[in-house]
Amino acid sequence: MNGAGFLLAVNFFIAQCFCIFFLAISVRSRHRAAARWFAAGFAVASFSAIFEILVAYTGYTKLWAVCAFASMLAGLCFLRIGLGHLYAVRTDRWLLAVLFVAAVALDLLIYDLPRGTLQHALPYQVPFAVLLSMSAYAVWRSGARKFVDRLLAAMLALTSAHYMLKAVFAVHAGSGNTARDYIQSNYALISQSLGAILVVSVGLMLLCVLVLEIMADDRVNAEVDSLSGLLNRRGFENRVNDTIRHVFGAHCLVVCDLDHFKAVNDTYGHQGGDAAIRLFGELLSSGAQDVVVGRIGGEEFAVFLRNASVSAAVLFAQRIRSQLAASAIPGLPPTQRITSSFGVAGLDRGETLWSAMRRADAALYAAKKAGRDCIRQAEAQPADIESAGTTFRSIA
């Protein structure tokens, strides 16, 4: 086996490895269908290398040559379908089927044309270039603008262009007089080398997109409270700190919890308590726009209001308190009502979340001490914000 034959075997092995990788990724990815289509695409396209070897070393040359062409083309069709699933872009499978059948028919039609001529090389390479252009366009049209998405679109476009250049190079370098001569030509050696580089590049880009998506999902899941669907303490702090760093202005923090929650759990069980937490979380989430809401403890919640005045935060707290007091809790007796207490603190420019949270917690404690079902507003002393004492304003 010469150098080109060795590269064909290497390309087969690489493509099969990518097939296994995508099948493994599909177990974790929410784009499971896309990963499986990619796996199928690499698996099917890899047999093009086997068929090329069969062309050179066995009989039935025309059969194996057409199979090599068809397997690579089918793999690119599967790639386009997978990209449609990954980027939520419509895939016209009938169009792909028509293109596939037409391209195979064209390959049969040009099979006996002289090798190493533009009349043979160009029609042979165009279907591959067209399918890869469709894939690149699908990624671009999806509107995904992350760096890795743009890089994938560029890599697909480059691979498409490479097929057109192969047609020109086949004429100048010579691809052999017959299909069997291909594997012995210098053109085959260069073509398979470039093919290996591009296969690895496209495969790695696709894996990168899927792995980054899995990592993003894991991060979201790690920052979301499963019961309420709100951010947990970690997610809340990360989101708020990011906002404080990038959004300048006056913000407000509201810390609140359910009154006598332990009695609810003791009387109606955890199912009743869970229903109360879910309802309270829904009220907080729908209470205002441009807010970050988190469940930071058992029955304790925090709301960060971007670019909001203290008076607006107090009105928000009053509205939520009234709504909860008037709401029936699913699973609890119709007459059973639950109240809530609130602590409100404004974030001055340059103040940390930790400092504001400490003052809001103290205001919440003051509301509890005042008999619950009320709101207390923290006021920083006119001294340095980190060392200031805290007083409280009663909210009627």
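**Exercise 1.** Which residue in β3 does aspartate 257 stand opposite?

*Solution.* The model under study is predicted. Strand β1, residues 251-258, pairs with strand β3, residues 300-305, in the antiparallel sense over six bridges. Within this pairing, glutamate 300 of β3 stands opposite aspartate 257. On β4 (residues 340-347), β1 has a further antiparallel partner, joined over eight bridges. There, serine 340 is the bridge partner of leucine 258.

**Exercise 2.** Determine whether the two faces of β1 are buried or exposed.

*Solution.* In a regular strand, side chains alternate between the two faces of the sheet. In β1, His251, Leu253, Val255 and Asp257 point one way, and Cys252, Val254, Cys256 and Leu258 point the other way. Buried residues have under 20% relative accessible area, and all of these are buried. Eight of the eight residues of β1 are therefore buried, so the strand is largely enclosed by the rest of the structure.

**Exercise 3.** Describe the packing of helices α9 and α10.

*Solution.* The helices, residues 261-286 and 310-326, pack at an angle of about 145°, with their axes 10 Å apart. Their crossing is right-handed. From α9, the contact uses Leu279, Phe280, Leu283 and Leu284; from α10, it uses Phe316, Ile320, Gln323 and Leu324. These residues divide into seven nonpolar, one polar and no charged.

**Exercise 4.** State which element gives the largest share of the largest nonpolar core.

*Solution.* This core has 51 residues, and Phe22 is one of those with the most contacts inside it. Helices α1 to α7 each give two or more residues. The largest share, eleven residues, comes from α3. Apart from this core lies another, of 32 residues, including Ala276 and Val344.

Notes: Residues are numbered from 1 along each chain as its sequence is written. This is a predicted model: local features need pLDDT of at least 70, side-chain atom pairs count only at pLDDT 80 or more; totals for chains, interfaces and linings use all residues. Side-chain values use heavy atoms; hydrogens and water are left out. A nonpolar core is a set of buried Ala, Val, Leu, Ile, Met, Phe, Trp, Tyr and Cys residues joined through side-chain atoms within 4.5 Å. Buried means under 20% relative accessible area, exposed over 50%, partly exposed in between (1.4 Å probe, protein chains only). Helices (H or I, at least four residues) and strands (E, at least two) are DSSP runs, numbered from the N terminus. Axes are lines fitted to C-alpha atoms, for helices over the stretch in contact, and angles run from 0 to 180 degrees between N-to-C directions. A crossing is left-handed if the near helix is turned anticlockwise from the far one by less than a right angle, and right-handed if clockwise. Contact means heavy atoms within 4.5 Å. Ala, Val, Leu, Ile, Met, Phe, Trp, Tyr, Cys and Pro count as nonpolar, Asp, Glu, Lys and Arg as charged, and the others, Gly among them, as polar. Two strands pair if DSSP finds at least two bridges between them.
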